[in-house]
Amino acid sequence: METTDVMNRLIPISSRDDIPERYRDTPVGLLLEYHNLGRHHAAYSSAQLLIGMCMDNRKHLRIPDNFAFIIRAGGANLRYSEFKVSYAISVGGVQSLALIGHTQCGMVNLVSKKDQFVRGLVERAGWDQRAAEDHFLQFAPMFEIGNEIEFTLAEVTRLRQRYPNILVAPLLYRVEDNLLYLVSE
Ligand SMILES: [Zn+2]
């Protein structure tokens, strides 16, 4: 996806006033203030927010200790992490969820990485070729996200239906500037 196409779908947060009223003064708004605006870190004794984000190594959130549960899964895909989401809500007590996709996500266009995936498992992990190919073909369709922005929005829609009383927000982390953006809905 071209950078301009991505930017057109994003709401930059460079001041508190940029945060839509729906999220302002919620844990989602606080996340944006902490990460983007350098808000002074408050002390928390319990988690306020559940964050779903990709496992990608290029992302680091500036948030206070104890502020959030974080589930990291390829592509910020929580479809296979539902028990953990339910746990963070029911036992952990959070009422807000920020789902954070990111640019340059490796879970986009997985099929283009098949040869590298198979060769890497064979050479690095000691798998045989056939088992590595079967593994890829079995799981790649489950983990393919297609497009970071579309997937994040679709996943947010699914989570809102699944957890109707929870505030669920679509965010995108741009690895180009290490800032969080709200995805325009
Ligand atoms: Zn990713």
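Does Gln104 count as buried, exposed or partly exposed, and at what relative accessibility does Gln104 stand? At 43% relative accessibility, Gln104 counts as partly exposed (buried means under 20% relative accessible area, exposed over 50%, partly exposed in between, with a 1.4 Å probe and protein chains only).

## Basis

This is a predicted model, in which local features need pLDDT of at least 70 and side-chain atom pairs count only at pLDDT 80 or more, while totals for chains, interfaces and linings use all residues. Residues are numbered from 1 along each chain as its sequence is written, and side-chain values use heavy atoms, with hydrogens and water left out.

## Overall fold

The chain has six helices and six strands, in the order α-β-α-β-β-α-β-α-α-α-β-β along the sequence. The radius of gyration is 18 Å, close to the 16 Å that the globule rule gives for 185 residues, so the chain is as compact as a globular protein of that length. Helices (H or I, at least four residues) and strands (E, at least two) are DSSP runs, numbered from the N terminus. The radius is taken over C-alpha atoms, and the rule is 2.2 Å times the number of residues to the power 0.38.

Of the 185 residues, 45% are buried. Among contacts (heavy atoms within 4.5 Å) with a separation of 6 or more, 61% join residues 24 or more positions apart.

## Zinc site

Cys54 (SG), His102 (NE2) and Cys105 (SG) coordinate the zinc ion at 2.0 to 2.3 Å. Cys54 lies in the loop between β2 (49-53) and β3 (68-72) and His102 in strand β4 (residues 96-102), so the pair ties together parts that are 48 residues apart in sequence. Both Cys54 and His102 are buried. Donors are N, O and S atoms within 2.8 Å of the metal (3.2 Å for Na, K and Ca); water is not among the atoms, so sites may look incomplete.

## Positive phi

Gln104, in the loop between β4 and α4, has a phi near 55 degrees, a positive value in a residue other than glycine. Ala76 also has a positive phi, near 55 degrees. Ala76 lies in the loop between β3 and α3 (82-90) and, at 1% relative accessibility, counts as buried.

## Lining of the largest pocket

The residues of the lining divide into eleven nonpolar, five polar and five charged. Ala, Val, Leu, Ile, Met, Phe, Trp, Tyr, Cys and Pro count as nonpolar, Asp, Glu, Lys and Arg as charged, and the others, Gly among them, as polar.
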